[in-house]
Amino acid sequence: VTHSIPACIGSMTVNGKQLDKESPVSIFAVKKCYETVQEGTFFDGTGFAALVKEGYKVRSDVNITLEFRTTAAHGVLLGISSAKVDAVGLEIVNGKVLFHVNNGAGRITATYEPRVANSLCDGKWHKLQANKSKHHIALIIDGNLVQTDNPYTQSTSADTNNPIYVGGYPADVKQNCLTSKSSFHGCLRNLTLTKGQQAELFDFSRAFDLRGVFPHSCPGAEH
């Protein structure tokens, strides 16, 4: 076993003596346990999760679904880029959700603006679906559909080859379809990327790089 247990551990005794977990000699990637906890992964607003080290290829079609919960009006949700201009990106900017796609000819954006300002940043769970099908893109938030016209109809494939960055990205990494540098602060769960009939649910505890992210640990109330 090479990865840590996604759990809370308490009241540990060795030879009848209780260990003092309040003042450990050293500590790494361990956070407090919450009295009320929900399914999900907590992002503390400072970092990101990096998935698929060898690079994720979006190409012509991808359907991204996730659930998010935040009280912040800004934050990167997901970015997959290339060394060129091809990329896709999802972000929250001023309480709106933006889905950007560049198939090589230019960036297009679908924007979901809630009827009530900042109602997506109310600390409750919201469902997001972002669909790219060749040059068509659509964004569905809590069942509400937004579509956008694409003037670049001849360009259909986003030839990405970089990892999937979730909740933010490193300072030295270029993201061609994100306008924000703000790391996400809140909880994410059920991140799934589907191509055709192949659906892949991503487990954040298996990310190859995690900074400021706590898999399987979402506080029941904002902390």
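Which residues does Ile164 touch, not counting residues up to four places away in sequence? In this predicted model, Ile164 touches Ala49, Ala50, Leu51, Val52, Tyr56, Leu78, Gly79, Ile80, Leu193 and Phe202. Ile164 also belongs to the largest nonpolar core, as one of the residues that touch the most other members.

**Domain**
- UniProt, in an unreviewed entry, places the feature "domain: Laminin G" at residues 38-218.

**Nonpolar cores**
- The largest nonpolar core holds 41 residues.
- Phe68, Leu128, Leu139, Ile164, Val166, Leu191 and Leu193 touch the most other members of this core.
- Strand S5 (residues 61-70) supplies the largest share of this core, four residues.
- Another core, of seven residues, lies apart from the largest one. Among its members are Phe48, Tyr165, Tyr169 and Val173.
- In soluble globular proteins, nonpolar side chains tend to be buried together.

**Largest pocket**
- The largest pocket has a volume of about 1,500 Å³.
- Its lining has 39 residues, and Ala7, Phe28, Ala29, Val30 and Lys31 are the closest to its centre.
- Strand S16 (residues 209-214) gives the most to this lining, with six residues.
- By class, the lining of the largest pocket has 20 nonpolar, eleven polar and eight charged residues.

**Second largest pocket**
- The second largest pocket has a volume of about 220 Å³.
- It is lined by 15 residues, and the closest to its centre are Glu39, Thr41, Asn190, Phe202 and His216.
- Phe202 is also one of the residues that Ile164 touches.
- Strand S14 (residues 185-195) provides the largest share of this lining, four residues.
- The lining of the second largest pocket divides into six nonpolar, six polar and three charged residues.

- Val1 lies in the segment before strand S1 (13-14).
- Val1 counts as exposed because its relative accessible area is 100%, and the cut-off for exposed is over 50%.
- Val1 and Tyr165 are 164 residues apart in sequence. In space they are 25 Å apart, C-alpha to C-alpha.
- Tyr165 is one of the members of the seven-residue core.

Notes. Residues are numbered from 1 along each chain as its sequence is written. This is a predicted model: local features need pLDDT of at least 70, side-chain atom pairs count only at pLDDT 80 or more; totals for chains, interfaces and linings use all residues. Side-chain values use heavy atoms; hydrogens and water are left out. UniProt positions are given in the numbering used here, feature names are shortened, and annotations may be inferred rather than shown by experiment. On a 1 Å grid over the protein atoms alone, a cavity is a set of points where a 1.4 Å probe fits but cannot get out, and a pocket is an open set with protein on both sides within 12 Å along at least five of seven lines; lining residues have an atom within 4 Å of a point. Grid points are joined across faces, edges and corners, and a volume is the space filled by probe spheres set on the points. Helices (H or I, at least four residues) and strands (E, at least two) are DSSP runs, numbered from the N terminus. Ala, Val, Leu, Ile, Met, Phe, Trp, Tyr, Cys and Pro count as nonpolar, Asp, Glu, Lys and Arg as charged, and the others, Gly among them, as polar. A nonpolar core is a set of buried Ala, Val, Leu, Ile, Met, Phe, Trp, Tyr and Cys residues joined through side-chain atoms within 4.5 Å. Buried means under 20% relative accessible area, exposed over 50%, partly exposed in between (1.4 Å probe, protein chains only). Contact means heavy atoms within 4.5 Å.
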